[in-house]
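Good morning, and thank you for coming. I would ask you to keep the sequence and the structure in view while I speak.

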Amino acid sequence: MENFDRPTRQILEALQQDSRQSTQALAEQVGLSATPVWRRIKELEERGVIRRHVALVDREKLGLSICVLANVSLVRHSEGATEAFEAMVRASPEIIECQAITGEADYVMKIVAPDMKAYDQFLQAKIFKLPGVASVRSNVVLREVKYETAMPVPG
């Protein structure tokens, strides 16, 4: 874990709220001139602290009204099951998050779809076709209580 000075923390916090801000606007917020702010951002990008700049899109406005958290268990003795599963995950745009976890399941995925029929088709076409998948337990999201992408910046 890295510790950041106050201006760098402020830069990271501000960029997480709006990454389209100009360097000049950031400089005014943190009390530095534009050049040192630009250098700090470039350094953070080079070190991998800032991985990329993205736009957050409202899934429902794209017609993706269903969000499902799916817990997937793999067959442990199946050779190549993990590699095949993770390759399928990386190739599936419907899966917007996937983490390998401890506990009863091996993975938890966040999947978006237009409706339950589309989610069922996704399961049938992609998940259930993999020989290493032992089980899938789906939890449909009723409403999002909190959705944040900003990481707390340690001080």
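I shall talk about a strand, a helix, a surface patch and then the salt bridges.

Please note that this is a predicted model, in which local features need pLDDT of at least 70 and side-chain atom pairs count only at pLDDT 80 or more, while totals for chains, interfaces and linings use all residues. Residues are numbered from 1 along each chain as its sequence is written, and side-chain values use heavy atoms, with hydrogens and water left out.

Let us begin with strand β1, residues 66–74. Helices (H or I, at least four residues) and strands (E, at least two) are DSSP runs, numbered from the N terminus. Is β1 mostly covered or mostly uncovered? Eight of its nine residues are buried. Buried here means under 20% relative accessible area, exposed means over 50%, and partly exposed lies in between, with a 1.4 Å probe and protein chains only.

Which strands pair with β1? One of them is β3, residues 107–113, in the antiparallel sense over seven bridges. Strand β4, residues 133–140, also pairs with β1 in the antiparallel sense over seven bridges. Two strands pair if DSSP finds at least two bridges between them. As examples, Leu 69 stands opposite Lys 110 in β3, and Val 72 stands opposite Val 136 in β4.

We turn now to helix α4, residues 81–91. Its buried residues are Ala 81, Phe 85, Met 88 and Val 89. Because they cover an arc of only 100° around the axis, they are on the same side of α4; the arc is that of the directions from the helix axis to the C-beta atoms. An α-helix has 3.6 residues a turn, so residues three or four places apart point the same way. On the other side of α4, Glu 83, Arg 90 and Ala 91 are exposed. What do the buried residues of α4 pack against? They pack against β1, β2 (95–100), β3, α5 (116–127) and β4, where contact means heavy atoms within 4.5 Å.

Next, the surface. Val 54, Leu 56 and Tyr 147 form a nonpolar patch there, with about 320 Å² of accessible area together. Patches are made of residues with over 30% relative accessible area and no salt bridge; like charges are joined within 9 Å, and nonpolar side chains (Val, Leu, Ile, Met, Phe, Trp, Tyr) within 5 Å. Accessible areas come from the Shrake-Rupley method with a 1.4 Å probe, and for residues only the protein chains shown count as cover. Leu 56 sits in the loop between α3 (34–46) and β1, and it counts as exposed because its relative accessibility is 56%.

Finally, how many salt bridges does the structure hold? There are seven, a salt bridge being a side-chain nitrogen of Lys or Arg within 4 Å of a carboxyl oxygen of Asp or Glu.

In one of them, the side chains of Asp 5 and Arg 40 meet at 2.9 Å, N to O. This pair links distant parts of the chain, 35 residues apart: Asp 5 is in the segment before α1 (6–17), and Arg 40 is in helix α3.

Another joins Lys 42 and Glu 45 at 3.3 Å. Both lie in helix α3, three residues apart, about one turn of the helix.

A further bridge, at 3.4 Å, brings together Lys 126 and Glu 94. Lys 126 lies in helix α5 and Glu 94 in the loop between α4 and β2, so the pair ties together parts 32 residues apart in sequence.
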